[in-house]
Amino acid sequence: MTDSPTNKSPNDFTSIACNPANSVVVEACAGSGKTWLLTARLFRLLLSGARPDQILALPSHAKPRKKCRNACLVCCVNVPC
């Protein structure tokens with residue numbers, strides 16, 4: 001078995017994509033969970049110490065941008081300091 005993304009389970013791909021140490025590009029069809037994945041990745045980056053001004057995230061449309069932003073804000077408010 002190779003390390004090709006096509007040979008990995010969805011859980012393997014999610015753990016790889018959410019790991020802040022990895023650079024990833026995610027392309028998938030509508031409804032596949034791209035916004036969830038981006039939100040999880042952003043939150044993990046923030047938890048690992050990344051400053052918000054060091055993060056570049058490019059959701060392609062306004063609806064996922066707003067959804068991702070709101071989810072990150074909710075997560076940040078609910079994390080104890």
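**Pockets and their linings**

By class, the lining of the second largest pocket comprises eleven nonpolar, no polar and two charged residues, where Ala, Val, Leu, Ile, Met, Phe, Trp, Tyr, Cys and Pro count as nonpolar, Asp, Glu, Lys and Arg as charged, and the others, Gly among them, as polar. The model is predicted, so that local features need pLDDT of at least 70 and side-chain atom pairs count only at pLDDT 80 or more, whereas totals for chains, interfaces and linings use all residues. Residues are numbered from 1 along each chain as its sequence is written, and side-chain values use heavy atoms, with hydrogens and water left out.

The second largest pocket holds about 270 Å³ of space; a pocket is an open set of points on a 1 Å grid over the protein atoms alone, where a 1.4 Å probe fits, with protein on both sides within 12 Å along at least five of seven lines, and lining residues have an atom within 4 Å of a point. Grid points are joined across faces, edges and corners, and the volume is the space filled by probe spheres set on them. Of its 13 lining residues, Leu42, Leu46, Ile55, Arg69 and Cys72 are the closest to the centre of the second largest pocket. The largest share of this lining, six residues, comes from α3 (helices are DSSP runs of H or I, at least four residues, numbered from the N terminus).

The largest pocket has a volume of about 610 Å³, and among its 21 lining residues Val26, Leu38, Ala57, Leu58 and Pro59 are the closest to its centre. Both α2 (34-47) and α3 (62-78) supply at least two residues of this lining, with α2 giving the most, seven residues. The lining of the largest pocket divides into 14 nonpolar, four polar and three charged residues.
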